[in-house]
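Please open the model in your viewer and keep the sequence panel beside it. The stops below each begin with something to select.

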Amino acid sequence: MRQYENEEILLHTSEFFKALSDYSRLKIVSSLLNNELCVSDICKKVEMSQTAVSYQLKLLRQMHLVKYRRSGQNVFYSIDDQHVYDIITKAIDHIKE
């Protein structure tokens, strides 16, 4: 196992897991594991208001867990990178065991 002595790395890792520890944010991230979705589709999948979803997406963007792209008036969200996808799917697989 690696031992990290860099406090900044440990702090950012802690913040990463704090972001994912919120049930609403985790629902949003898991809805994006296999699809890019617009805000209205995310709202339907996670059964939350657009205001609540938009607020959580803002936090997830700041943590580099999700990214977005604009297409006309629509904004589409997806998982930021393969690392985020791998961590979430591994955690879900672990819980399923």
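A salt bridge here is a side-chain nitrogen of Lys or Arg within 4 Å of a carboxyl oxygen of Asp or Glu. This is a predicted model, in which local features need pLDDT of at least 70 and side-chain atom pairs count only at pLDDT 80 or more, while totals for chains, interfaces and linings use all residues. Residues are numbered from 1 along each chain as its sequence is written, and side-chain values use heavy atoms, with hydrogens and water left out.

**Stop 1: the salt bridge**

Select Glu36 and Arg69, which form a salt bridge whose closest N and O atoms are 2.9 Å apart. The pair joins distant parts of the chain, 33 residues apart, with Glu36 in the loop between α2 and β1 (37-38) and Arg69 in strand β2 (residues 66-71); helices (H or I, at least four residues) and strands (E, at least two) are DSSP runs numbered from the N terminus. A search of the whole structure finds one salt bridge. Glu36 is partly exposed at 35% relative accessibility, and Arg69 is partly exposed too, at 39%, where buried means under 20% relative accessible area, exposed over 50%, and partly exposed in between (1.4 Å probe, protein chains only).

**Stop 2: the sheet**

Now select the strands, three of which form an open, antiparallel sheet in the order β1-β3-β2; two strands pair if DSSP finds at least two bridges between them. The edge strands, each pairing on one side only, are β1 and β2. Between β2 and strand β3 (residues 74-79) there are six bridges in the antiparallel sense, and Arg70 stands opposite Val75 in β3.

Angles run from 0 to 180 degrees between N-to-C directions, and axes are lines fitted to C-alpha atoms, for helices over the stretch in contact; contact means heavy atoms within 4.5 Å. Within helix α4 you will find Ala52, which counts as partly exposed at 29% relative accessibility.

**Stop 3: two packed helices**

Finally, select helix α2 (residues 23-31) and helix α3 (residues 39-46), which pack at an angle of about 115° with their axes 10 Å apart. Which residues make the contact? On α2 they are Lys27, Ile28 and Ser31, and on α3 they are Ile42, Lys45 and Val46.
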